[in-house]
Amino acid sequence: MMKKLLFIFLAAFTTQLFSQNISFSFVNARNTNDGTDDYYEADIYIASDTDFILGSGQIYFNYNTAAFGENVDASGNFTMETPDGCILDTAFGSGIFDPVGYKDFVVNDNTTSRVSTAFQQSSSEFAFTAFGITSNVTSTPSHLYSIKFKYIDTNESPNVTFEATDLFTGQFFTACGPV
């Protein structure tokens with residue numbers, strides 16, 4: 001009985017929890033025009049006080065409905081983009097065998113003035129490290145992905161912000177899995 005109590009005591013006090021303080025920023029925020037429509041575009045950057053390989057995640061954005069309309073995903077006024085070189089564009093190999101690091105990009109209207117972007121880790125931590133990626137989130141901000149809102153009224157301010165209330169933060173995970 002004493003050995004069991006000692007084991008439980010040691011297990012309880014030797015467990016370590018690791019967490020990262022993750023920060024996000026808008027970089028290169030700009031108004032653009034494709035010849036027909038006007039857009040607000042921004043690159044989303046991620047940084048952390050602890051280096052790690054990114055797993056799955058989700059970010060919520062608030063926006064001005066007077067500028068973009070309500071429910072921007074359902075109305076076709078929003079896109080989540082993964083340009084070359086951003087973290088969510090990570091791929092391994094070439095040809096027939098071309099696994100990607102991330103997939104299942106999902107955009108969803110959370111409320112009439114908030115949109116959610118999410119993604120899933122699709123390759124194991126082993127795949128990342130086998131291809132020389134020991135961390136893709138560090139203290140140096142890195143391009144995670146980009147967003148694009150289509151204006152319905154360019155005279156209105158975009159007022160695009162990250163949703164920062166507790167319920168909507170902490171939606172990111174480190175990469176996991178040997179296979």
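Two strands pair if DSSP finds at least two bridges between them; strands (E, at least two residues) and helices (H or I, at least four) are DSSP runs, numbered from the N terminus. The model is predicted, so local features need pLDDT of at least 70 and side-chain atom pairs count only at pLDDT 80 or more, while totals for chains, interfaces and linings use all residues. Residues are numbered from 1 along each chain as its sequence is written, and side-chain values use heavy atoms, with hydrogens and water left out.

**View 1. The protein has three helices and nine strands.** From the N terminus on, the order of elements is α-β-β-β-α-β-β-β-α-β-β-β. Of the 179 residues, 36% are buried (under 20% relative accessible area; exposed is over 50%, partly exposed in between; 1.4 Å probe, protein chains only). The accessible surface, from the Shrake-Rupley method with a 1.4 Å probe, comes to about 10,400 Å², and carbon and sulfur atoms hold 54% of this surface. Among contacts (heavy atoms within 4.5 Å) with a separation of 6 or more, 75% join residues 24 or more positions apart.

**View 2. Four strands form an open antiparallel sheet in the order 1-2-7-4.** Strand 1 and strand 4 are at the edges with a single partner strand each, so one side of each has no neighbour in the sheet. Direction ignored, neighbouring strands of this sheet are turned by 20 degrees against each other on average; the axes are lines fitted to C-alpha atoms, and angles between N-to-C directions run from 0 to 180 degrees.

**View 3. Strand 7 pairs with strand 2 and with strand 4.** Strand 7 covers residues 142-150; seven of its nine residues are buried, so the rest of the structure largely encloses this strand. Strand 2 (residues 38-48) runs antiparallel to strand 7 and is joined to it by eight bridges. On this side, E41 has K148 of strand 7 as its bridge partner, and A42 stands opposite I147. Strand 4 (residues 78-81) also runs antiparallel to strand 7, with four bridges between the two. Here E81 stands opposite S146.

**View 4. The largest nonpolar core has 32 residues.** Such a core is a set of buried Ala, Val, Leu, Ile, Met, Phe, Trp, Tyr and Cys residues joined through side-chain atoms within 4.5 Å. The residues with the most contacts inside this core are L54, F68, L88, Y145, I147 and F149. Elements that each supply at least two residues of this core include strand 3 (54-62), helix 2 (65-68), strand 5 (102-111), strand 6 (114-121) and helix 3 (125-130), along with strands 2, 4 and 7.

**View 5. F149 has contacts beyond its sequence neighbours.** With neighbours within four places in sequence set aside, F149 is in contact with D38, Y39, Y40, Y63, F68, V72, N77, F78, V115 and V160.

View 6. Most residues other than glycine have a negative phi. With a relative accessible area of 47%, N28 is partly exposed. N159 is partly exposed at 46% relative accessibility.
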